[in-house]
Amino acid sequence: MGEKWVLMKTAQTPTNIAVIKYWGKRDETLILPVNDSISVTLDPAHLCTTTTVAVSPAFQQDRMWLNGKEMSLSGGRYQNCLREIRKRAREVEDKERGIKIEKKDWEKLHLHIASYNNFPTAAGLASSAAGFACLVFALAKLMNVSEDESQLSAIARQGSGSACRSLFGGFVKWIMGKEDDGSDSLAVQLVDEKHWEDLFIIIAVVSSRQKETSSTSGMRESVETSSLLQHRAKEVVPKRTIQMEEAIQYRDFASFAKLACADSNQFHAVCLDTLPPIFYMNDTSHRQVLVYICWIISYVEKWNRSEGTPQVAYTFDAGPNAVLIARDRKAAAQLIQRLLFYFPPKSDTDLDSYLLGDKTILKDAGLEGLEDVKALSPPPENGSAQKYPGDVSYFICTRPGKGPILLSNDKLALLDPETGLPK
Ligand SMILES: Nc1ncnc2c1ncn2[C@@H]1O[C@H](COP(=O)(O)OP(=O)(O)OP(=O)(O)O)[C@@H](O)[C@H]1O
Ligand SMILES: C[C@@](O)(CCOP(=O)(O)OP(=O)(O)O)CC(=O)O
């Protein structure tokens with residue numbers, strides 16, 4: 001194997017947002033959670049990670065570039081994923097190019113990895129979830145690994161817990177498992193992305209800044225100090241998970257919204273019950289954020305009550321960005337009218353760069369340009385006409401989406417096929 005060939009694979013993987021939250025580990029190294037969690041996978045057409053992995057006898061060491069910058073792979077989480085996937089590598093042959101890699105060769109061969117998130121990294125938009133899922137999925141394809149997605153999810157889990165849920169599309173459950181070695185702590189698909197196609201998701205990005213307390217250290221502190229977390233894990237989540245699975249199965253939006261909002265609120269209550277308290281929804285560098293969050297929550301609750309049945313569910317992860325899930329396009333169009341009425345762009349921002357992702361909803365809402373946004377009248381269910389221009393950085397409109405895919409178009413690869421270095 002003295003030759004200079006480079007063999008590569010490129011994959012694309014979605015992010016996910018939990019509607020029953022994972023918060024707390026029972027094993028820090030293996031990343032084993034204290035409760036089951038359930039998420040919806042977001043359409044990778046709007047939010048995704050692309051990762052190219054390459055192997056060559058010419059590579060001197062394992063190297064990785066994230067968003068164009070070289071980063072260290074020495075961290076335990078990367079090392080655990082690489083070790084677990086290498087263990088499962090099998091023979092690979094490319095007859096056309098005369099390349100053959102025996103199973104035993106994988107231990108000696110080095111890898112180059114380049115990854116790109118098309119959304120802000122480490123800002124509470126689940127970049128670690130899409131990132132580790134994509135890394136494991138792409139390596140599994142390169143190394144001809146025979147394990148299925150659930151088994152791969154147990155490897156991605158060791159990179160970041162929430163990553164295990166990004167191995168599937170649609171609605172996904174991470175089963176906490178019982179075994180000490182973590183072999184039964186893996187993700188399964190509940191339903192695929194076509195099961196509940198009516199849902200429409202709008203993310204209000206308030207802050208793209210890196211958060212002050214990472215999920216990893218935040219949940220560690222909660223496990224150590226919050227008695228509410230113990231109660232949540234033992235008493236609340238087991239029942240709520242069953243109810244949520246049922247709501248998803250029967251597309252029962254009223255139950256879905258009730259459970260998702262309650263679970264997000266309880267997760268943030270656990271953060272407040274932590275010593276010292278963690279204020280994820282109140283980014284201290286952004287004074288208006290708390291006002292905005294309280295406003296969104298009480299507004300959605302008020303609107304849902306005025307309609308008689310829930311139109312929108314809200315959920316917040318470890319950051320101030322609101323994820324709003326509308327029951328259908330009609331509700332989503334009404335929601336975007338309301339959001340743009342109260343949170344219009346600053347005067348120097350155009351609508352095209354203020355609303356990203358699936359822009360078709362603008363047409364449904366009768367909003368072709370900024371003039372239409374300015375002409376919006378105050379929503380009937382809320383007396384206040386106070387506006388907050390500039391509080392939201394931008395909106396991302398998306399839907400439940402599919403799981404990881406392999407990209408066959410070489411032009412989309414992030415590494416040069418000759419050198420194996422970033423393009
Ligand atoms: N594409 C990627 N490939 C590999 N690792 C990634 C990738 N993107 C992010 N990561 C890793 O995940 C870390 C960010 O994870 P972190 O949990 O802090 O933020 P987040 O995932 O964006 O937010 P949250 O998990 O709270 O939604 C990065 O520092 C990096 O180590
Ligand atoms: C609030 C959450 O988004 C927490 C995600 O935590 P991470 O998966 O980022 O944590 P680590 O396992 O330590 O990497 C809820 C969720 O996604 O379920």
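Analyst: We will take helix faces, then packing, then the backbone. This is a predicted model, in which local features need pLDDT of at least 70, side-chain atom pairs count only at pLDDT 80 or more, and totals for chains, interfaces and linings use all residues. Residues are numbered from 1 along each chain as its sequence is written, while chains are lettered from A and ligands numbered from 1 in the order in which they are written.

User: Which residues of helix 4 are buried?

Analyst: First, the general idea: an α-helix has 3.6 residues a turn, so residues three or four places apart point the same way. Helices here are DSSP runs of H or I with at least four residues, and strands are runs of E with at least two, numbered from the N terminus. A residue is buried if 20 or more other C-beta atoms, placed from the backbone, lie within 10 Å of its own, exposed if 12 or fewer, and partly exposed in between. In helix 4 (residues 215-225), S215, G218, M219 and S222 are buried. They line one face, because they fall within an arc of 90 degrees seen down the helix axis; the arc is that of the directions from the axis to the C-beta atoms. The face turned away from that buried side carries the exposed S217 and E224.

User: What covers the buried residues of helix 4?

Analyst: The cover includes strand 3 (25-27), helix 5 (227-249) and helix 6 (253-272). Contact means that two C-beta atoms, placed from the backbone, lie within 7 Å.

User: How do helix 5 and helix 6 cross?

Analyst: Start with the angle: axes are lines fitted to C-alpha atoms, for helices over the stretch in contact, and angles run from 0 to 180 degrees between N-to-C directions. Angles under 35 degrees count as roughly parallel, over 145 as roughly antiparallel, 65 to 115 as roughly perpendicular and the rest as oblique. The axes of helix 5 and helix 6 come within 10 Å and cross at roughly 160 degrees, so the two helices are roughly antiparallel. Residues making the contact include L229, V236 and M244 of helix 5 and F256, L259 and V270 of helix 6. By class, this contact has ten nonpolar, three polar and three charged residues. Ala, Val, Leu, Ile, Met, Phe, Trp, Tyr, Cys and Pro count as nonpolar, Asp, Glu, Lys and Arg as charged, and the others, Gly among them, as polar.

User: At what angle do helix 2 and helix 3 pack?

Analyst: Helix 2 (residues 127-142) and helix 3 (residues 149-156) pack at about 125 degrees, with axes 9 Å apart. Helix 2 is therefore oblique to helix 3. F132, A133, V136, F137 and A140 of helix 2 meet L152, I155 and A156 of helix 3. That contact has eight nonpolar, no polar and no charged residues.

User: And the backbone: which residues deserve a look?

Analyst: Most residues other than glycine have a negative phi, and most peptide bonds are trans. A126, not a glycine, has a positive phi of about 60 degrees. This residue is in the loop between strand 11 (110-117) and helix 2, and counts as buried because it has 29 C-beta neighbours inside 10 Å. N144 has a positive phi near 55 degrees and is found in the loop between helix 2 and helix 3. With 15 C-beta neighbours inside 10 Å, N144 counts as partly exposed.

User: Where is the cis peptide bond?

Analyst: The cis bond joins L275 and P276, with omega about -10 degrees. P276 is found in the loop between helix 6 and helix 7 (288-307).
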